[in-house]
Amino acid sequence: MNYVIIGNSAAAVGCVEGIRSVDRDGGITVISSEPHHVYSRPLISYLIYGKTDEQRMKYRPDDFYAKNNVTPLLGRTVTKVDYAGKRVLLEDGAAVSFDKLLFATGSSPFVPPMQGLDEVEQKFSFMKLDDAKRLSAAIGPETRVLIVGAGLIGLKCAEGIRSKVKSIAVVDLAPRILPSILDETGSALMQKHIEENGVTFLLGNSVARFHPNSAELKNGGTVDFDVLVLAVGVRPNTKLAAEIGCKVGKGIVSDDRCAASLPDVYAAGDCSESLDITDNEYRVLALWPNAYLQGETAGINMAGGEKRYDKAIPMNAIGFFGLPIITAGSYRGETYVVQDGETYKMLVTRENRLKGFILIGDIARAGIYTSLIREQTPLDTVDFELLKDKPQLMAFAAPQRAVKLGGVQA
Amino acid sequence: MKRVYVNEKWCLGCHLCEYNCAFANSGETDMAKALKDKKIHPRIQIEEGESISFAVSCRHCEEPLCVKSCITGALSVQDGVIHVDQQKCVGCFTCILVCPYGAVMPGPDGHAIQKCELCLNNSAGEPACVKGCPNQAIVFEERGTE
């Protein structure tokens with residue numbers, strides 16, 4: 001059996017480990033345009049800040065490929081999949097045959113057309129290790145930075161470079177920051193905290209026109225900058241899959257076995273959709289844990305095992321300038337809110353289930369909440385009043401606790 | 001594999017397990033020096049209710065969500081024990097987001113996480129919480145349930 005994985009990040013590693021939990025012998029080839037040993041992309045802001053280094057940000061040990069009997073083709077780009085011939089074709093003319101294929105192609109920065117952007121020489125995306133290295137080389141104590149995009153990537157970048165540059169301005173069309181994970185109260189709280197750490201926001205605004213070292217804003221005014229970071233959004237890399245006829249929606253369509261719509265083809269990670277059980281909608285959940293879990297599910301199924309990925313939910317653990325945030329699920333429903341300074345808690349319930357939550361500041365034991373969402377635990381079977389106070393196993397009935405802590409079989 | 005199991009009806013809520021844990025992981029040889037007048041950061045935590053209390057520490061799951069979700073690769077399974085490489089950990093707290101038991105927590109400096117590693121990585125060599133429990137409310141044994 002020959003397995004080919006296009007991609008070399010969380011979903012690819014999940015797939016390798018999934019395959020190897022079932023099949024010790026089949027050939028596995030991992031192909032990636034990036035020339036690097038598998039590393040953690042979310043750590044690039046920590047790399048610039050100096051909290052990690054290239055060795056420590058390797059996602060798996062140096063012997064990962066050898067130990068798992070994987071042939072890594074790194075720095076090699078797949079240009080086409082020959083589905084009928086069951087092989088992938090590389091830019092350099094090589095071809096690799098497969099019996100089972102995984103698309104773990106990730107996503108790419110989306111840059112909308114913006115007038116004058118071509119005139120800007122010092123412009124960067126912030127997705128990959130090489131982006132971080134280039135940005136790091138371009139900034140210094142006198143650098144003024146403009147970041148377009150007040151989402152997770154733009155703000156993680158701002159945090160990573162804050163102590164290295166003179167100033168940072170962040171512009172976003174949205175009226176508030178981090179809208180993908182926070183409600184309005186949470187956004188306002190985080191905005192204030194990030195502003196106090198020296199980042200300026202220009203929200204509900206956009207760049208009307210770029211000049212080489214300045215941006216004219218739509219609502220009037222001009223921002224001068226030395227370095228521009230574009231963090232508007234990302235798009236799933238679906239082209240290779242679409243070309244062979246795989247169904248593609250927002251991402252590559254895959255089922256709960258992570259199988260795509262064509263036989264022997266699978267998809268996992270940021271390039272694919274999964275069913276968000278909190279809303280019963282297919283979404284691209286471009287999150288590291290989901291990518292690993294999808295990849296693992298795909299790998300086990302590719303190797304003939306049986307595994308379902310049927311508990312997908314949006315979830316994020318992130319923090320800025322020492323203030324941690326943990327969020328999960330979706331926020332449609334009844335809310336329970338507690339705010340005290342920089343500590344914020346919102347729990348969202350609907351139909352006797354916990355559907356989502358936001359915790360800022362005090363994130364202790366948040367996984368107990370996440371688990372209630374993932375397992376769709378009926379809230380009338382637990383003491384929700386205790387859970388409102390804080391996440392705790394005391395909220396479960398004694399027989400359930402005996403399963404969780406006492407080694408009693410469920 | 002041997003794990004720490006809870007017999008909650010025997011738990012007195014005395015918190016000795018927390019102190020023994022903090023001492024075992026302090027690197028000190030004198031308990032008073034390690035703990036006196038200090039805020040302790042145990043990897044086992046007592047939950048107390050009106051009539052019941054019990055200790056919670058890492059279950060060392062067979063399908064560990066923390067390990068599978070870890071963005072850095074700092075968490076790994078080594079001979080059935082879930083281990084954290086605190087040098088690799090950047091304190092993103094994704095493991096805290098996913099642990100269904102609330103058994104992972106920020107370490108004392110807040111920059112990396114800590115969790116129970118069954119005292120295999122300190123001088124105690126076996127779970128100090130269990131050894132010091134006066135009422136066998138936590139035990140370290142093979143149950144063969146997994």
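Visitor: In the hairpin of β4(A) and β5(A), which residue takes a positive phi?

Guide: K86(A) does, with phi near 50°. Four residues lie between the two strands of that hairpin. Keep in mind that this is a predicted model.

Visitor: What makes β4(A) and β5(A) a pair?

Guide: Two strands pair if DSSP finds at least two bridges between them. Strand β4 (residues 78-82) of chain A and strand β5 (residues 87-90) of chain A have four bridges, in the antiparallel sense. D82(A) stands opposite R87(A) in β5(A).

Visitor: How do you know that β5(A) also pairs with β6(A)?

Guide: By the bridges again. β5(A) and strand β6 (residues 95-97) of chain A share three, antiparallel, and the rule asks for at least two. L89(A) stands opposite A95(A) in β6(A). In this hairpin, too, four residues sit between the strands, and G93(A) takes a positive phi near 95°.

Visitor: Why is one side of β3 (70-74) and of β18 (265-267) of chain A left without a neighbour in the sheet?

Guide: The sheet is open, with five strands in the order β3-β2-β1-β7-β18 (chain A) and parallel pairing. β3 and β18 of chain A stand at the edges, and each has a single partner strand, so one side of each has no neighbour in the sheet. Neighbouring strands are turned by 15° against each other on average, direction ignored.

Visitor: What makes β18(A) a partner of β7(A)?

Guide: Three bridges, in the parallel sense, join strand β7 (residues 100-103) of chain A to β18(A). The threshold is at least two. F103(A) stands opposite A267(A) in β18(A). Helix α8 (residues 288-302) of chain A packs on the sheet, touching β1 (2-6), β7 and β18 of chain A. Its direction makes about 170° with that of β7(A).

Visitor: Now the interface. Why is the link between R401(A) and E8(B) called a salt bridge?

Guide: The rule wants a side-chain nitrogen of Lys or Arg within 4 Å of a carboxyl oxygen of Asp or Glu. For R401(A) and E8(B) the closest N and O atoms are 2.6 Å apart. The pair therefore qualifies. Across the interface of chain B and chain A the rule finds four salt bridges.

Visitor: How many residues does the contact take from each chain?

Guide: Chain B gives 38 residues and chain A gives 43 residues. Between them the chains bury about 3,300 Å², 59% of it on carbon and sulfur atoms. K68(B), I71(B) and L97(B) supply 21% of the area that chain B buries against chain A, more than any other three residues.

How values were computed
Residues are numbered from 1 along each chain as its sequence is written. Chains are lettered from A and ligands numbered from 1 in the order in which they are written. This is a predicted model: local features need pLDDT of at least 70, side-chain atom pairs count only at pLDDT 80 or more; totals for chains, interfaces and linings use all residues. Side-chain values use heavy atoms; hydrogens and water are left out. Contact means heavy atoms within 4.5 Å. Buried area is the accessible area (1.4 Å probe) that two parts lose on being put together, summed over both. Axes are lines fitted to C-alpha atoms, for helices over the stretch in contact, and angles run from 0 to 180 degrees between N-to-C directions.
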